[in-house]
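Me: I would like to learn how to read helix packing and nonpolar cores in a model. Please take the features one at a time.

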Amino acid sequence: MTAMNRFELDEEATLPLYRQLYNQLRGAILRGELPSGDRLPPTRGLADELGVARVTVQQAYQQLATEGYVVSRRGAGTFVVDTLPVPGPDEQPFVPHLAPWGQRVVRLGDATQRAQRSTAGDFIDFGFGRSFPHIFPYNVWRRLLARYLSTDDVMLSRYGSVAGFEPLRAAIADYLRRWRGVRCSTEQVVIVNGLQQALDILARLTLERGDNVLVESPGYTDAFALLRVHGAHLVPLAVDDHGFPVEAIPDGLSARLAFVTPANQFPHGGAMPLSRRLALLQWALEHDTLILEDDYDGALRYEERPLGALQGLDERGHVIYLGSFSKVLFPALRLGYVVLPPSLLRPFIQAKGIVDRGAPTLTQAAVADFITEGYFERHLRRLRRVYGRRRRILVAALENELPCPVSYSTEPAGLHVMLALGDEYDEAAVVRKAAAAGVGVYRGATYFLQPDPPPSVLLGFSGLTEAQLREGVRRLAAALC
Ligand SMILES: Cc1ncc(COP(=O)(O)O)c(C=O)c1O
């Protein structure tokens, strides 16, 4: 073999030369290019050819010998060992078997529509589903995190509590009782790595393959995907301006779970009135159904105090309340919480322990201080002020600028508006024409489960300035004509 055309060493690389040579020799042995029994080139000759010190080659050979790839025979040289069962060069990479669960995950693909921010110069993107860094008090956050990063803090050298950092659970319980009308003790609050994880654990605990799950349509596609991989049979009900139409549940149907967004229906918008809430609780009682209440943006209402949670009306333990910090702090935090009825506490915490041993303590501790020291409520007030104003500007622009009647939920809440277009519109074409006119809007069809959904587009307003909101609607108007 000629060493020169086999090995290439880079003097500038940070990896030592002997390690580079070792890696290349090891690769050649494992790929079968240096077969069992072959003699490696003599160290002096190889060092000369490569232009390196002999000790570099000796160190590489020594490392290979220590790991059992080669043996040195005194006076004879260094040989690839005889006993290596290396694969032939043309063997195919191994494709592991996927269990039915894994196969369902692959079949579903990435079911979610991630809003992509265009980088084009003055493109106005009504993207949604993000938080916006200029509103979050990062200086406070950095200071709170730093508190727990001192080396003498014993908290970090231990596993945390599976159910969550106790002061955070207490702070959330207090917040939920005061602001969301949730009835709970600290013990009922469990911290999760985002609301999605709570859904995952609940689905594993309660669902059997083929079980009916009542869902809203349009609805939260990430929840649909998750419930489906756990084998759920989704039963969609078309929502109206007052959310989930309990009275439309087919007679004779039973369902293990119902997944609903009562405070602000996602993505249509609209709150569920008391009569429907009570009817849903009654239905759940009669059908042994658990209700999953997704309250991910329940704190973001702009004109009056947020509606109380459905959970607060539940006397019998049928409602599981799910909350998230993704919208009110930031999504990369991956922190959410679940308020469980006492009957589900133990199974849930045990499952969480088995799955991941608990959420990261460091960020939980910082969020606990963020809440108890008053920053959270101050931040919420600011979000409501800023987002509320942006929503009002968007809605005024929609009223004044659009050439045709459109409808949308008038509920002053959330981070986007879903515009129902007339039946004469082709939704995909509107999105394309809008992009060509320099404005990004998002297809509503993604969120519907029923075939041939009515044409609609989603406009997130939280990340745009007032001027951009107005100009964006002007461009959309041009695309709609
Ligand atoms: C309807 C809905 N529920 C829940 C969430 C929050 O999920 P997570 O806490 O996993 O980020 C979102 C986030 O976008 C959402 O849109």
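Predicted model: local features only at pLDDT ≥ 70, side-chain atom pairs only at ≥ 80, totals over all residues.

Reply: Residues are numbered from 1 along each chain as its sequence is written, and side-chain values use heavy atoms, with hydrogens and water left out.

Me: At what angle do α7 and α10 pack?

Reply: Helices are DSSP runs (H or I, at least four residues), numbered from the N terminus. Axes are lines fitted to C-alpha atoms over the stretch in contact, and angles run from 0 to 180 degrees between N-to-C directions. Here α7 (residues 195-206) and α10 (residues 342-356) have axes 10 Å apart and pack at about 110°. The two are therefore roughly perpendicular, a word used for 65 to 115 degrees, while under 35 is roughly parallel, over 145 roughly antiparallel and the rest oblique.

Me: Which residues of α7 and α10 make the contact?

Reply: Contact means heavy atoms within 4.5 Å. On the α7 side they include Ile201, Leu202 and Leu205, and on the α10 side Phe348, Ala351 and Val355 are among them. By class, this contact has eight nonpolar, one polar and three charged residues. Ala, Val, Leu, Ile, Met, Phe, Trp, Tyr, Cys and Pro count as nonpolar, Asp, Glu, Lys and Arg as charged, and the others, Gly among them, as polar.

Me: Are α7 and α8 roughly parallel or roughly perpendicular?

Reply: The axes of α7 and α8 (residues 221-229) come within 10 Å and cross at roughly 25°. These helices are therefore roughly parallel. Leu199 and Ala203 of α7 and Leu226 and Leu227 of α8 are among the residues in contact.

Me: Which residues touch the most other members of the largest nonpolar core?

Reply: In soluble globular proteins, nonpolar side chains tend to be buried together. A nonpolar core is a set of buried Ala, Val, Leu, Ile, Met, Phe, Trp, Tyr and Cys residues joined through side-chain atoms within 4.5 Å. Buried means under 20% relative accessible area, exposed over 50%, and partly exposed in between (1.4 Å probe, protein chains only). In the largest core, of 75 residues, the answer is Phe126 and Phe325. Helix α12 (residues 375-401) gives the most to this core, with ten residues. Another core, of 38 residues, lies apart from it, and Leu202 is one of its members.

Me: Is glycine 353 exposed or partly exposed?

Reply: Glycine 353 is in α10. Its relative accessibility is 22%, so glycine 353 counts as partly exposed.
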